[in-house]
Amino acid sequence: MKLPPLLLAALLLSQSWAFEFIIDGEWESEMMSDQVDHFDSSRIRRSLVTSEEEEDFEAIRGSDITVKSYTVESRITARFAHTTVKSSVVNSGPNAQSIGFNVQIPKRAFITNFTMNVNGITFIGSVKEKTVARNLYAQARARGKAAGIVRTNSQDMETFKTEVHVPPGSKVEFELHYQEMMQRKLGTYTHTLHIQPGRLVPQLQVDVYIFEPKGIKFVKTPSTLGEHFAGLTKVTQTKEKAHVVFKPTLQQQRKCENCTESAVDGVFIVQYDVERETNAGELQVSDGHFVQFFAPSDLTPLSKNIVFVIDVSGSMWGLKMKQTVEAMKTILDDLTMDDYFSIIDFNHNIRCWSEELVPGTSINVREAKKYIQNIKPNGGTNINEALLKAVRILLKALDQGLIDQRSVSMIILVSDGDPTVGEIKLSAIQKNVKREMREEISLFSLGIGFDVDFDFLERIAMENRGLAQRIFANHDASEQLKLFYSQVSSPLLRKITIQFPEDSVSDVTQNHFDKFFSGSELVVAGKLKSVGSNMLQSFTTASAATMDLTLDTEADLQELDTLLSQQQHSFAGFASRMWAYITINQLLAERSLAPTAAKKRKITQRIMTLAVEHQFVTPLTAMLVESQDGPERLLADSPKDPKQGCCHGIGLPARTNVQFVSSNPPSQPPWVKHTPTQGPSQAKAPHVTVVENDPHFIVHLPKSNMDVCFNIDSKPGHILNLVSDPGTGIVINGQLVGGKKMKNNKLNTYFGTISIYSEDAGVKVVVRPNRIDLMEGKNNHSFSWAATAKLNLNRVKVAIEKEHKITVTIDDKISAMVLLHRVWKKHPFNVDFLGFYTPNNNQYSSQVHGLIGQFVNEPEVKVFNVHEGTEPEKKQATMEVKGNKLTVTRGWQKDYRNDKKHGSDVYCWFVHNSGKGFIDGHYSNYIVPDLDSFLSSL
């Protein structure tokens, strides 16, 4: 978001004790007129900084002044930060003088309020449409009162400046509020505060309060203020909350023991990340709004196809080129064998290192680095032809099928100036590139220095599914280039859509995204409709390296508000503010790309309405600061700066309508759900084979219309083969885990891991109580039980039902279900374990075997001589099977498909001694060495 700095200038004349506001800085052309000519020219300073060198910065300016206090407080709730900067200053000198209050704020932040109290007269800010504010301002100016604007350029910050002229002994209190959404980069949220009081302060304190409802993973406070303050930052952290405080004493602030200068001069940084239970994202509902955070991990990166387009015109000579070459060497080393790339360098001519994409082999990378090293900048700048050439190289590779259809194609442009050769009209270049582009390709623009038209770079990147970033031409330009590349070097997903039930939400922000990069985060917000349900669901679809995903999550509509009401330092209105923040930024981006003046006016009106309603100072609104007791007014304006761009650091504008879905869950095979029976005496056997608990096998024999049960008494760590079918290439194995301790002189064992492996499809699904791993060749993906998900590969479908079960279907012919059992964490004996269910109609080959697989070829079973047993309710009988006569007992086991807590009774004939005589051989013959091992011949 682009937020030019603001200046409020006030002059208190000691003779009349009345306020007069003067222009101090540069004003927009339409505001400059002869009406200001009568002002003393000595009072008009040009404060616009256009070079890349920052002016010396002090938060409090003035001589012979006493700064009583300087405090900064940030409250971050669910990634939305509200920061308040306060200072109390006294003019302790013998003469009237100007006192300045300067605050550097992030470019992506919106100022929301400013108040100033001068000798008991309080000025309070309110945001209005710019034309309204200017009219009110003009009325004050006609009475000799005015205000002004000043801009400064720095890497990630903008400067708010206020100046008030006061008589000796005057007390001035300043208070500034601004808000921003935290952006996740490389797995970290970074909150930056500039602490530069410029002098010793008796009460200097920084407080950062973080509240994340799902938990805080870590909090870091890098020593950015220097070793002088090592150990002075204190961090207090619980599961959901953190408090960071920096409070140096007056003595600790001194540069040396007897110094009168302050060592506090720099950036105070707090970094953190949140706990994520699931890849489905975090859905938060509060104050009639919702926010969905989506930041999956443990997914295999997509391969990349990159054309690097590098400006080598004469203006790149020297440090800029040296830093670019250094960065490119590191970037090229990051390419893998699965990535494809080429390099275009351009001045007035266009040169290609390779006319076609080549794989990122060590040989190709070495040759490309030699080529980069030998570049000699000279000549003009032909951006148009360079970009069109890059597009054509990618299109050729796409059309010829030379690259993976699931890969990501991108162009990375590095330039330091405007076009001077060929097509030089920026709008024409934008149209040319847009016309040639396809939706599979993204354009990322990096502008070096301040000679480049950054607004153009932003427009052309946003219009082509990319981002723009300014690179500052100094000694660390190489690090800036490498840092940007690291943010886009690991794409995990394509074509992401986050949807909600249509009858539950409205005014949803952009919910379709072209790409998701590792370590970043996608955010969607909206308003809630008044519906009867007390839950909100979201459904996310995306395309990964080898599969398509559908992920579901849900949130209680009241839970978070109740939690926020109990927190002292949380920001209760964060959800509605974040929705407005995201919406305004996306509208600003859309406005910059509006094809017609009418469309632009319509968007402009929407932005102004939202900004005034939520009190955000934007490029289209202004803050009018008025005295409570008098007619004095100041104007804090925020016009668009064409060299800086309209909306720095925001997401891409939505190019598709918001999509909604019904709330119906994904369909499942009918056998997955057990139809309840009327009672134990009338129980009908389910047409599935079951393995549950310790482990109890329930084998359904459809021809005999009976169920036969047996237990396996093995040891923890043993891997038992359940199904082994060389004909279809399917193997299903389960690994045993022991209970916490022995019970009745016996250690119970359970299935702690179940692996379903298709050798032909090259897919293995490994299920554990704490996670689910999906492996396909060298691609590994991990999922948690905390969300519902649906995963589609070429031949394998996986459906995860939150905290309940996972169903795996291979070639639509073979399916199996694993049921999750959670136990009380403090249970003295039991541990979390898995149950296994498989239908009897799976289409295995005639070669299938295993503890369960052998019964696909159903043996003939006869049960006779039924008689009373040692226990009245458990009859005994003789079973004749596989040439053996076995004594069996009538009993029951549990089917937990419908009721995980109590289960449904399944009546069966129980075979003793680990199924001896019913299964082929001894149970130990079914112990295999690995989770993907097929069974050896018995």
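Which backbone nitrogen does the side chain of Glu858 reach at 3.1 Å? That of Ser704.

## About the model

This is a predicted model: local features need pLDDT of at least 70, side-chain atom pairs count only at pLDDT 80 or more, and totals for chains, interfaces and linings use all residues. Residues are numbered from 1 along each chain as its sequence is written, and side-chain values use heavy atoms, with hydrogens and water left out.

## Glu858

Glu858 sits in the loop between strand E49 (833-839) and strand E50 (861-871). Strands (E, at least two residues) and helices (H or I, at least four) are DSSP runs, numbered from the N terminus. Glu858 is buried but has no salt bridge. Buried means under 20% relative accessible area (1.4 Å probe, protein chains only). A salt bridge is a side-chain nitrogen of Lys or Arg within 4 Å of a carboxyl oxygen of Asp or Glu.

The nearest side chain of opposite charge is Lys703, 5.6 Å away. Lys and Arg count as positive, Asp and Glu as negative; His and the chain ends are not counted. The side chain of Glu858 also reaches the backbone nitrogen of Lys703, at 3.0 Å.

## Salt bridges

The whole structure holds 36 salt bridges. One of them joins Arg79 and Glu521, with the closest N and O atoms 3.1 Å apart. Arg79 lies in the loop between strands E4 (65-77) and E5 (80-91), and Glu521 in the loop between strands E29 (512-517) and E30 (522-528), so the pair ties together parts 442 residues apart in sequence. Arg79 is buried at 1% relative accessible area. Glu521 is buried too, at 14%.

Lys304 and Asp339 form another salt bridge (3.0 Å, N to O). Lys304 is in strand E20 (residues 304-311), while Asp339 is in the loop between helix H3 (319-333) and strand E21 (340-346). They are 35 residues apart. Lys304 is buried at 4%, and Asp339 at 2%. Salt bridges that share partners also join Arg79, Arg184, Glu212, Asp273, Arg276, Glu282 and Glu521 into one network.

## The second largest pocket

The second largest pocket holds about 600 Å³ of space. Of its 28 lining residues, the closest to its centre are Lys214, Glu277, Glu282, Leu283 and Gln284. A pocket is an open set of points on a 1 Å grid over the protein atoms alone, where a 1.4 Å probe fits, with protein on both sides within 12 Å along at least five of seven lines; lining residues have an atom within 4 Å of a point. The volume is the space filled by probe spheres set on the points, which are joined across faces, edges and corners.

Terms used: Buried < 20%, exposed > 50% of the residue type's maximum accessible area, 1.4 Å probe, protein only. Polar contact = N/O pair within 3.5 Å; in protein donor to acceptor, adjacent residues only side chain to side chain.
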